[in-house]
Amino acid sequence: MVKPLKIVVTGASGFIAKNLRKYLSEKNIELISISRNNFKNFKYETKIISKNYKEKNLLKKIQNSSALIHLVGIGKQSVNTDYDMINTELTKHIVNLSKKARIKKIIFLSGLGVSPNTSSGYFISKYNAEKQIIDSGLDFTVFRPSYIVGKDDLFSKNLKKQIKSGEIIIPGSGFYSIQPIHVSDVVKVIFESVLQSKFNNKIIDLVGPDYVTFEKYVKLFSK
Ligand SMILES: NC(=O)c1ccc[n+]([C@@H]2O[C@H](COP(=O)([O-])OP(=O)(O)OC[C@H]3O[C@@H](n4cnc5c(N)ncnc54)[C@H](OP(=O)(O)O)[C@@H]3O)[C@@H](O)[C@H]2O)c1
């Protein structure tokens, strides 16, 4: 008999996690979702509140899960939390936890354009996190997404705020291309990567079907 899926989701209150948990719950997948803050859980979902992902509180509950989808990440630093701490070191901790818990597969969302030649702090932290995942010995899929759009996504929220203020700042020339992808496509692909072994041990760009310059995207969006 095929064992039913049990999937762990970290950063459960985040934008992608919320969409993913809803999608998986509609498929009656058993979930164990971890967040720093309280949230409303779905029917087949176990809620874990954890401020720091300490092993003591988590190990037993996530043991022998089919996959862990690591969706904790920051795109902004503060004096208390920097990229290295959250994007890299917390990922390292989650990898170790997954190994101890005998979780078969880990899925990680990095960033489009991450490479060993990068010089930005954010991309460096994602590159180092990818290394933790790749060297873990677990089956993995690393996705490198472009901007992910959908209801309440950060990118659109930020553009809307700028439109209200009457001025939109276009980073750089604005002529470079982006390939936005809708969150409903992102969650489907993530689920397929749990189901299908052809996704195993791959790094995959996660992008939408159309290239658009940042400037053109902003013009279309503001309409
Ligand atoms: N959205 C995009 O366009 C995009 C593009 C490329 C890559 N990604 C990556 O995809 C992942 C999810 O992105 P998202 O858009 O869903 O981001 P998000 O809405 O900001 O969610 C990230 C979650 O990370 C957790 N988190 C943040 N700071 C933390 C801290 N100090 N300690 C522990 N947990 C912390 C929070 O979960 P809780 O509040 O539940 O604790 C937060 O909701 C991130 O790794 C991001 O870098 C996103």
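What follows is a working chat about a predicted model, moving from its sheet to its helices, its ligand shell and a few single residues.

Student: Let's start with the sheet: how many strands form it, and in what order?
Tutor: Seven strands form an open sheet, and in this predicted model they run in the order E3-E2-E1-E4-E5-E6-E10, with parallel pairing.

Student: Which strands stand at the edges?
Tutor: Strand E3, residues 45-49, and strand E10 stand there, and each has a single partner strand, so one side of each is left without a neighbour in the sheet. On average, neighbouring strands of this sheet are turned by 15° against each other, when direction is ignored.

Student: What packs on the sheet?
Tutor: Helix H6 packs on the sheet and touches E1 (6-10), E4, E5, E6 (139-145) and E10, while the direction of H6 makes about 155° with that of E5.

Student: OK, E5 then. Which strands does it pair with, and over how many bridges?
Tutor: Strand E5, residues 105-109, pairs in the parallel sense with strand E4, residues 67-70, over four bridges, and five bridges join E5 to E6, again running parallel.

Student: Can you give me residue pairs, so I can find them on screen? Which residue is the bridge partner of Ile69 in E5, for instance?
Tutor: The partner of Ile69 is Ile107, and His70 stands opposite Phe108 in E5. Towards E6, Phe108 has Val142 as its bridge partner.

Student: Is E5 buried or exposed?
Tutor: Five of the five residues of E5 are buried, so the strand is largely enclosed by the rest of the structure. In a regular strand the side chains alternate between the two faces of the sheet. Here Lys105, Ile107 and Leu109 point one way from E5, whereas Ile106 and Phe108 point the other way, and all of them are buried.

Student: And E6, how many of its residues are buried?
Tutor: Five of the seven residues of E6 are buried, and that strand is mostly covered.

Student: What about a residue in E10? Is Leu206 buried or exposed?
Tutor: Leu206, which is found in strand E10, is buried because 22 other C-beta atoms lie within 10 Å, and the cut-off for that label is 20 or more. Leaving aside residues up to four places away in sequence, Leu206 touches Phe143, Arg144, Pro145, Ser146, Ile181, Val186 and Val189.

Student: How far apart are Leu206 and Arg36?
Tutor: They are 170 residues apart in sequence, and in space they are 27 Å apart, C-alpha to C-alpha.

Student: Switching to helices: how do H3 and H4 pack?
Tutor: Two packed helices are described by the angle between their axes and the distance between the axes. Helix H3, residues 83-100, packs against helix H4, residues 121-134, at an angle of about 10°, and their axes are 8 Å apart. That makes H3 roughly parallel to H4.

Student: Which residues meet there?
Tutor: On the H3 side the residues are Tyr83, Asp84, Asn87, Thr88, Thr91, Lys92 and Val95, and they meet Gly121, Tyr122, Ser125, Lys126, Asn128, Ala129, Gln132 and Ile133 in H4. By class, this contact has five nonpolar, seven polar and three charged residues.

Student: Now the ligand. How many residues surround it, and which are closest?
Tutor: There are 24 residues around the ligand, and the closest are Gly11, Ser13, Gly14, Ser35 and Gly73. Helix H1 supplies the largest share of the shell, three residues, and both H1 and helix H5 (154-165) supply at least two residues each.

Student: What classes do the shell residues fall into?
Tutor: The shell around the ligand divides into 14 nonpolar, nine polar and one charged.

Student: Last topic, the loops. What is the phi of Asn28?
Tutor: Asn28 has a positive phi of about 60°, although it is not a glycine. Most residues other than glycine have a negative phi. Asn28 lies in the loop between helix H1 (15-26) and strand E2 (30-35), and Asn28 is exposed, with 11 other C-beta atoms within 10 Å.

Student: And Asn201?
Tutor: Asn201 also has a positive phi of about 60° without being a glycine, and it lies in the loop between helix H6 (183-195) and strand E10 (202-206). Asn201 counts as partly exposed, with 13 C-beta neighbours inside 10 Å.

Note on methods
Residues numbered from 1 in each chain as written. Predicted model: local features only at pLDDT ≥ 70, side-chain atom pairs only at ≥ 80, totals over all residues. Buried ≥ 20, exposed ≤ 12 C-beta atoms within 10 Å, placed from the backbone. Near = placed C-beta within 6 Å. Nonpolar A, V, L, I, M, F, W, Y, C, P; charged D, E, K, R; others polar. Pairing = 2+ DSSP bridges. Axes fitted to C-alpha atoms, helices over the stretch in contact; angles between N-to-C directions. Contact = placed C-beta atoms within 7 Å. Parallel < 35°, antiparallel > 145°, perpendicular 65-115°, else oblique.
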